[in-house]
Amino acid sequence: MRHGFVAGRCELSSPSMQALTNLLFQLPQKETHRDGIPILPGGLPLVGHAPFNIGSPLTFLRNAASKVGPLFWTKNMGGWSLVCMGEPGFELLKNRVTSSEFIREQAPDFIGDSLLSRDGVPHRNLRSAMSGAFTPRGLTSSGAAAISAEVIEASVASLPQQGPFSLLAETQKLALDIIFRIMGIDRSELDAWNRNYRDFVMGALPVRIDLPFSPARRASRGRRWLDARLASLISAARGKPDMKGTLAALLAARDEEGNALGDADLIQNLRLLALAGHETSASVMAWLGIVLAQRPDLWEKLRDESMAAPGLPRSPEELKRHPFAEALFREVLRMYPPVAFTAREATEDLVLHGRRVRRGTMITVPIGAYGYDPAFFPEPENFDPSRWMGRRVPPSAIETAAFGGGPHFCLGYHLAWVEVVQFATAFARELTRRGVRPQLAPGAAPPKLRHLPFGQPPKKTRLELVRAA
Ligand code: HEM
């Protein structure tokens, strides 16, 4: 039997969002088209469509597309952006006629000159040097999968016995601990790394005023601390040829031309790994717990699979024993994509959905929307892990669109996969050992998907553990 999904019913069906979009279309509009492409109505002076987009960009963009078609202009604080839905949008991620290099100028202190903001040969060289450590084999041989299992088991074992708790707060801490530990950071230093990292991410806020205690001041202090510690971590690791872990694998890595990574590349990219690899996985794990709290049928299936396994998977072979946990991972990502959209800059004139688009145009690709497209996922509103079960071929590129596509496809895809399956398995094993199951705390309404900027459940959504029948 298919269960209609109760947890976080797709924001698209939210009546308030639909009413808002309808309202926008009734507002008078001076300009209706730019270069023959429709402009979304309702843009306000200075801030454009940003106020309507905040929190629910997927709903907003999909509602808009249902009214004006798959290609349209929106205006945000940074200027015009062309939204391109559907397969032509996904094609742009291949960066044949587009580029990601604009990110370097947009977020110099935050993302800087890292993997994400390079293209062409510089990107290929860096990526080929880094990717070995993140393949399924690389994660096993560097010990990263074992470290992740150890952190997850300890974290799940320390979940409160009683009383409501925020699972997101727990998974955020554990995901950051995993990334830092696989970089070779000692357990005793994790709190200091966590603190300074939290300061550094304040750099994502659009407020640039530099005063004592302002977010900008804390962000640059956090970044200086992290960079100095990363530099000493790297120099210590260079003196230990038998060291294991991701940092050791990155130090030993060579690109296609046989070059090792220099210190500057290592620092920029280790910082990127912490950033890219923690909020995302943490939010998937938290959603997974919230879904299980509302679906006892799925909980029982996961419990049976997890208890039949000898422990948490640490290798590609062991992962195969967890098809249901993997299906949950994929279905949670489909319905709760942590990243709603990404962007590219057109490097030449091109044609999208039959319209000419000029070189230099900024294009938004709503990667989180593919999971809700009935062309790829029948009955997309239903949370149904069975759609991923019993397959003989790996998921297609569009089916993994939550991780992007093309040359910038998420480097941490396999790490996220192994972490989330380990988390699901550990959660089910620990709770079964205690004789309890998860449930939404009384008064907690089923949470809605919001992107602020990641698609996390609200921190106030609490779970509690109740006696299993
Ligand atoms: C569920 C978890 C995750 C999701 C949904 C996710 C999503 C994404 C997306 C959408 C991109 C592409 C962005 C673009 O093309 O503009 C990306 C890139 C990237 N991700 Fe992830 N990510 C996840 C976990 C991780 C983890 C655990 C790591 C850490 C190793 C990581 C490291 C990276 C890196 C380094 C890139 C840049 C790759 C490149 O530019 O070549 N991600 N991720």
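**Close-up views: aromatic pairs and the ligand shell**

View 1. Phe180 counts as buried, at 2% relative accessibility (buried is under 20% relative accessible area, 1.4 Å probe, protein chains only). The model is predicted: local features need pLDDT of at least 70, side-chain atom pairs count only at pLDDT 80 or more, and totals for chains, interfaces and linings use all residues. Residues are numbered from 1 along each chain as its sequence is written, and side-chain values use heavy atoms, without hydrogens and water. Trp193 is also buried, at 2%. The structure holds 17 aromatic pairs (Phe, Tyr or six-membered Trp rings with centres within 6.5 Å; planes under 30 degrees apart are stacked, over 60 edge-to-face, the rest tilted). The ring centres of Phe180 and Trp193 lie 5.3 Å apart with planes at 55°, so this pair is tilted.

**View 2. Trp287 against Tyr336.** This aromatic pair is stacked, at 3.8 Å centre to centre and 15° between planes. Trp287 is buried, with a relative accessible area of 0%. Tyr336 is buried too, at 0%.

**View 3. Polar groups at the ligand.** A side-chain N or O atom of Thr342 is 2.5 Å from a ligand oxygen. For His123, the corresponding distance is 2.8 Å. A polar side-chain atom of Arg344 lies 2.8 Å from an oxygen atom of the ligand.

**View 4. Arginines over rings.** The charged end of Arg330 sits over the Trp417 ring, 4.6 Å from its centre (Arg CZ or Lys NZ within 6 Å of the ring centre and within 35 degrees of the ring normal). Arg334 lies over the face of Phe377, 5.4 Å from the ring centre.

Methods: A polar contact is a pair of N or O atoms within 3.5 Å; within protein, one must be able to donate a hydrogen and the other to accept it, and residues adjacent in sequence count only if both atoms are side-chain atoms. Buried means under 20% relative accessible area, exposed over 50%, partly exposed in between (1.4 Å probe, protein chains only).
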